[in-house]
Amino acid sequence: MSSIEKMRELLVEYQQDHILKFVDQLDENERESFLKQLKTIKFQEVNALFRKAKESITEDVEKVDARMQPVPADQFGSEKNADKEELMTYRSIGLEEISKGRVAVLLLAGGQGTRLGVNYPKGMYSVNLPSGKSLFQIQAERIRRVINLAKQETGRVGSVVWYIMTSGPTNATTKKFLEKNDYFGLNQDDVILFQQGLLPCFDFDGKLLLDEKNAVAMAPDGNGGIYRALSERHILDDMEQRGIKYVHAHSVDNILVKVADPVFLGYCVKKKAECGAKVVSKNSPNEAVGVVCKVDGKYQVVEYSEITEKTANLTDPSGKLVFSSGNICNHFFSTSFLQRVAKQHESELKLHVAKKKIPYVDRNGDHIKPSEPNGIKIEKFIFDVFQFTDKFVTWEVPRISEFSALKNPDSVGKDCPSTAKRDLLVLHKSYIEEAGGIVTEGVDVEISPLLSYAGEHIEQRVKGKRFEGTISLLSEEETLNCYSNGLKNGKA
């Protein structure tokens with residue numbers, strides 16, 4: 001019996017044999033490629049996923065108001081409410097762990113810049129800062145800076161491993177970009193790329209869709225696919241071998257993210273947390289952002305559509321919203337917790353289902369681009385593991401200094417390149433003014449991450465000075481490199 005016939009028997013068993021309709025039209029290489037893909041798909045698991053997904057899309061969105069509670073006060077920390085000594089304690093703990101090589105960063109970078117209007121990974125995007133730096137470069141340089149801060153604090157040269165979760169469409173391009181730029185000064189051995197998984201796309205009857213005559217339509221399994229990927233790609237094994245105990249995970253599209261934030265790390269370590277979430281206070285009761293809270297005694301993120309307007313508007317005696325902790329995809333995990341999730345709980349993760357317009361090959365073999373939703377894509381979300389621990393904390397930070405998302409083109413006017421650039425430059429202006437400098441109105445002054453992580457140690461460069469022209473304040477290393485390159489090009 002040929003390989004194709006064996007596969008046909010399997011597909012008949014799971015009522016998916018329609019995907020072999022065009023197999024006789026394929027040449028040998030196309031057949032081989034198709035079989036290779038089909039062997040990676042666990043059809044029993046796939047059918048079970050669809051049944052579970054179908055249940056969720058046929059149910060009305062349940063309002064969970066009566067079952068909600070805010071995060072308990074002893075597990076809710078706030079930068080605004082902490083005194084200087086407390087913040088310095090957390091910072092010292094975080095820098096200590098970094099200096100001992102116990103911290104890793106887990107970057108969620110599987111998304112393409114489709115909504116931004118580009119066809120490359122979002123991490124490669126530049127919002128047109130004076131320096132021209134991309135999101136990847138900014139974040140890599142923040143890692144380098146925090147390692148240096150840990151050295152200054154402890155005298156030890158530590159390391160922060162940068163694990164980057166890509167997807168099928170972004171992996172090769174991301175790898176090439178990092179290689180071309182010498183990993184932005186990071187040790188190549190400390191930059192590990194791995195791909196998130198893919199899930200098949202279905203029509204509304206549970207039949208797999210074909211993307212080509214020899215390929216099932218597949219889509220990334222969401223940022224919650226990270227737990228399976230960490231296990232299957234042996235990243236958890238690598239963490240264990242390196243002695244990593246704590247992980248800071250975040251999405252690539254927040255230009256203000258404090259990568260390997262020592263204060264956040266220190267707070268979570270001091271609280272003996274297995275899992276933590278950075279949050280920002282909601283701008284308004286109806287802001288379309290998920291809220292970190294407890295439901296039926298378990299921690300989770302409740303989407304704004306799951307709460308009534310009455311509950312969204314609830315306030316405490318001080319006038320603050322009761323459910324104000326906006327989720328920003330910025331999390332702390334102990335590696336022991338990640339191991340437990342991967343081994344015991346990954347299959348329990350909630351499925352998030354979206355009806356989509358999915359290009360497909362129809363029964364006549366024609367490639368169709370539908371104008372209306374014709375099927376579903378299934379995703380898992382990274383925050384759906386909060387429920388698996390009681391050792392959970394939140395850390396509230398100012399939006400102005402920690403969160404500015406990059407999701408849309410400038411035409412939208414929100415969470416776009418212009419707002420991301422503006423928010424970063426406004427923050428840097430505040431750092432300069434706090435250090436005694438003056439920035440003329442309308443002038444853009446950027447501070448290199450290699451010079452300062454969060455406004456520290458810039459007094460000598462800015463105190464008493466007035467900045468009247470657009471400029472990027474560089475580290476000594478960058479200044480020397482610019483001078484050296486200038487000499488090479490005959491410009492110095």
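Is glutamine 16 buried or exposed? In this predicted model, glutamine 16 has a relative accessible area of 1% and is therefore buried, the cut-off for that class being under 20%. The residue is placed in the loop between H1 and H2. Its side chain forms a polar contact, at 3.1 Å, with the side chain of asparagine 47. Apart from residues up to four places away in sequence, glutamine 16 touches Leu11, Asn47, Gly206, Lys207 and Leu208.

Isoleucine 19 belongs to the loop between helix H1 (3-13) and helix H2 (28-38). With a relative accessibility of 0%, isoleucine 19 counts as buried. Once its neighbours within four places in sequence are set aside, the contacts of isoleucine 19 are Leu11, Phe34, Leu38, Leu208, Leu210 and Val216.

The chain is divided into domain 1, residues 60-407, and domain 2, residues 416-491. Their C-alpha centres are 28 Å apart. To the contact between them, domain 1 gives 28 residues and domain 2 gives 25 residues. About 2,100 Å² is buried between domain 1 and domain 2, and 63% of this area is on carbon and sulfur atoms.

Polar pairs also occur across this interface. There are 12 residue pairs in polar contact between domain 1 and domain 2, with both residues at pLDDT 80 or more. On the side of domain 1 that touches domain 2, two or more residues come from each of helix H5 (135-154) and helix H12 (399-402). H5 supplies the largest share of that side, 8 residues. Sorted by class, the side of domain 1 that touches domain 2 consists of 16 nonpolar, 5 polar and 7 charged residues. The interface of domain 1 and domain 2 also holds 3 salt bridges. A salt bridge joins the side chains of lysine 133 and glutamate 478, with an N to O distance of 2.8 Å.

Two further buried positions were examined. Threonine 419 is part of helix H13, residues 417-434. Its relative accessibility is 11%, so threonine 419 counts as buried. Beyond residues up to four places away in sequence, threonine 419 touches Ser404, Gly413 and Lys414. Phenylalanine 392 is located in strand E20, residues 392-396. The relative accessibility of phenylalanine 392 is 0%, which places this residue in the buried class. Its contacts, leaving out neighbours within four places in sequence, are Gln75, Cys275, Gly276, Ala277, Val292, Tyr299 and Phe386. Phenylalanine 392 is 124 residues from cysteine 268 in sequence, and the C-alpha to C-alpha distance between them is 8.6 Å.

Side chains of opposite charge can pair when their charged atoms come close. The structure as a whole contains 29 salt bridges. One of them joins the side chains of arginine 8 and glutamate 5, at 3.6 Å from N to O. Both residues of this pair, arginine 8 and glutamate 5, are in helix H1, 3 residues apart, or about one turn of the helix. Arginine 8 is partly exposed at 27% relative accessibility, and glutamate 5 is partly exposed at 34%.

A second salt bridge is formed by the side chains of arginine 228 and glutamate 346, at 3.4 Å from N to O. This pair links distant parts of the chain, 118 residues apart: arginine 228 is in helix H7 (residues 226-232), and glutamate 346 is in the loop between helix H11 (335-345) and strand E16 (352-356). Arginine 228 is partly exposed, at 26% relative accessibility, whereas glutamate 346 is buried, at 8%. Arg228 and Glu346 are also members of a network of salt bridges that includes Glu45, Glu232 and Lys380.

The side chains of lysine 278 and aspartate 261 meet in another salt bridge, with an N to O distance of 2.7 Å. Lysine 278 is in strand E12 (residues 275-281) and aspartate 261 is in the loop between strand E11 (246-251) and helix H9 (262-270), so the pair ties together parts 17 residues apart in sequence. Lysine 278 is buried, with a relative accessible area of 0%, and aspartate 261 is buried, with 4%.

Definitions and conventions:
Residues are numbered from 1 along each chain as its sequence is written. This is a predicted model: local features need pLDDT of at least 70, side-chain atom pairs count only at pLDDT 80 or more; totals for chains, interfaces and linings use all residues. Side-chain values use heavy atoms; hydrogens and water are left out. Domain bounds come from an automatic or database domain assignment. Contact means heavy atoms within 4.5 Å. Buried area is the accessible area (1.4 Å probe) that two parts lose on being put together, summed over both. A salt bridge is a side-chain nitrogen of Lys or Arg within 4 Å of a carboxyl oxygen of Asp or Glu. A polar contact is a pair of N or O atoms within 3.5 Å; within protein, one must be able to donate a hydrogen and the other to accept it, and residues adjacent in sequence count only if both atoms are side-chain atoms. Helices (H or I, at least four residues) and strands (E, at least two) are DSSP runs, numbered from the N terminus. Ala, Val, Leu, Ile, Met, Phe, Trp, Tyr, Cys and Pro count as nonpolar, Asp, Glu, Lys and Arg as charged, and the others, Gly among them, as polar. Buried means under 20% relative accessible area, exposed over 50%, partly exposed in between (1.4 Å probe, protein chains only).
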